[in-house]
Amino acid sequence: MVVQSIERAFLLLRLLALGPLGVTDLADRAQLPKSTVARLLSALETERAVEQEASSGRYRLGSGLIDIAGTVAPGRNLISAARPYQQELGEALGEIAGLSILDRDEVYYLDQTESQSEVQVRDWTGERLPLHVVSSGLAILAHMPTAEREEYLAGPLEPYTARTMVDPDALRTRFEQIRSIGYVWVYGEFVEDLHSVAAAVLRPDGKPLAALHVHGPAYRFPDPDRAHDFGIAVARAAESLADQLTG
């Protein structure tokens, strides 16, 4: 019972990492009884892990919790800090921008902006995917400590499409290119009709803290003549976010 309560509490924290929510919305999304959610929130509030907004009655992550999304400095929220950069990228590149972090050997999608296009792209918020099949995962892998990166490359690397790169030597060469230019494009390596570009948000020691990415349908993204410019834009946004979080 204790383990179950801990698992449920962390589920609520993950949901609140996406933004403030009321008890009813939390119960619906977590698929838990409202009474259970209310009890867990009360306990989390006592520990300052969550706090209730006086105006709306909704709950949000509390000041006593080191940002579970990215383990940044106390009192700062990675999603809140990254949102302006995501929105700016989304508007500049005309597609959806997202934020993700490393979660063991997977990339975990924390947040995603909305597209203004009539043709929408799926919301990947809350999803986990192998690092080697998506741009954000590759950007993170490129900057991981060598031992950790090699441990990942030694494991089974499943191809998701015919374009998925699974050869360790080819990936090592790719990582060198990513570190050199600061960003990475993925063309149909996870889903055939989806393209994306990402850059790592780095700590002062060069290790990856998170990644910013922009993705869109293959038929319209990217404009071939602007792929490099788009990549540079994402890399600069990631660098600016890193400066804000660690400065």
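The model is a predicted one. It holds seven salt bridges and four aromatic pairs. A search of the whole structure finds one cavity of 30 Å³ or more.

- Side chains of opposite charge can pair when their charged atoms come close.
- Arginine 220 has a relative accessibility of 24%, which makes it partly exposed.

**Salt bridges of arginine 172**

- Arginine 172 forms a salt bridge with glutamate 150, and the closest N and O atoms of the two are 2.7 Å apart.
- Glutamate 150 belongs to helix α6 (residues 146-154) and arginine 172 to helix α7 (residues 168-181), so the pair ties together parts that are 22 residues apart in sequence.
- Glutamate 150 is partly exposed at 28% relative accessibility, and arginine 172 is partly exposed with a relative accessible area of 30%.
- Arginine 172 also meets aspartate 169 in a salt bridge, at 2.7 Å from N to O.
- Arginine 172 and aspartate 169 are three residues apart in helix α7, so about one helical turn separates them.
- Aspartate 169 has a relative accessibility of 52% and counts as exposed, because the cut-off for exposed is over 50%.

**Arginine 14 and its partners**

- A network of salt bridges links Arg14, Asp103 and Arg128.
- Arginine 14 also lies over the face of tyrosine 108, at 4.9 Å from the ring centre.

**The cavity**

- Rolling a probe the size of a water molecule over the atoms shows where empty space is left.
- The largest cavity has a volume of about 130 Å³.
- It is lined by 14 residues, and the closest to its centre are Tyr109, Val134, Phe190, Leu194 and Ser196.
- The elements α5 (135-143), β7 (194-202) and β8 each supply at least two residues of this lining.
- Strand β7 gives the most to the lining of the largest cavity, with three residues.
- By class, eight of the lining residues are nonpolar and six are polar, while none is charged.

**Tyrosine 160 and phenylalanine 190**

- A pair of aromatic rings is described by the distance of the centres and the angle of the planes.
- The rings of tyrosine 160 and phenylalanine 190 have centres 5.6 Å apart and planes at 45°, so this pair is tilted.
- Tyrosine 160 lies in the loop between α6 and α7, and phenylalanine 190 lies in the loop between β6 (184-187) and β7, so the pair ties together parts that are 30 residues apart in sequence.
- Tyrosine 160 is partly exposed, with a relative accessible area of 35%, whereas phenylalanine 190 is buried at 14% relative accessibility.
- Phe190 is also one of the residues closest to the centre of the largest cavity.

**Tryptophan 185 and tyrosine 187**

- The rings of tryptophan 185 and tyrosine 187 have centres 5.4 Å apart and planes at 10°, so the pair is stacked.
- Tryptophan 185 is buried at 10% relative accessibility, whereas tyrosine 187 is partly exposed with a relative accessible area of 32%.
- Ring pairs link Trp185 and Tyr187 with Phe221 and Phe230 in a cluster.

**Proline 208**

- Proline 208 lies in strand β8, and at 15% relative accessibility it counts as buried.
- The C-alpha atoms of proline 208 and isoleucine 140 are separated by 5.7 Å, although the two residues are 68 residues apart along the chain.

Conventions. Residues numbered from 1 in each chain as written. Predicted model: local features only at pLDDT ≥ 70, side-chain atom pairs only at ≥ 80, totals over all residues. Heavy atoms only, no water. Salt bridge = Lys/Arg side-chain N within 4 Å of Asp/Glu carboxyl O. Buried < 20%, exposed > 50% of the residue type's maximum accessible area, 1.4 Å probe, protein only. Helix = DSSP H or I, 4+ residues; strand = E, 2+ residues; numbered from the N terminus. 1 Å grid on protein atoms, 1.4 Å probe; cavity = no way out; pocket = protein on both sides within 12 Å on 5 of 7 lines; lining within 4 Å. Points joined across faces, edges and corners; volume = space filled by probe spheres on them. Nonpolar A, V, L, I, M, F, W, Y, C, P; charged D, E, K, R; others polar. Phe/Tyr/Trp six-rings, centres within 6.5 Å; stacked < 30°, edge-to-face > 60°. Lys NZ or Arg CZ within 6 Å of the ring centre and 35° of its normal.
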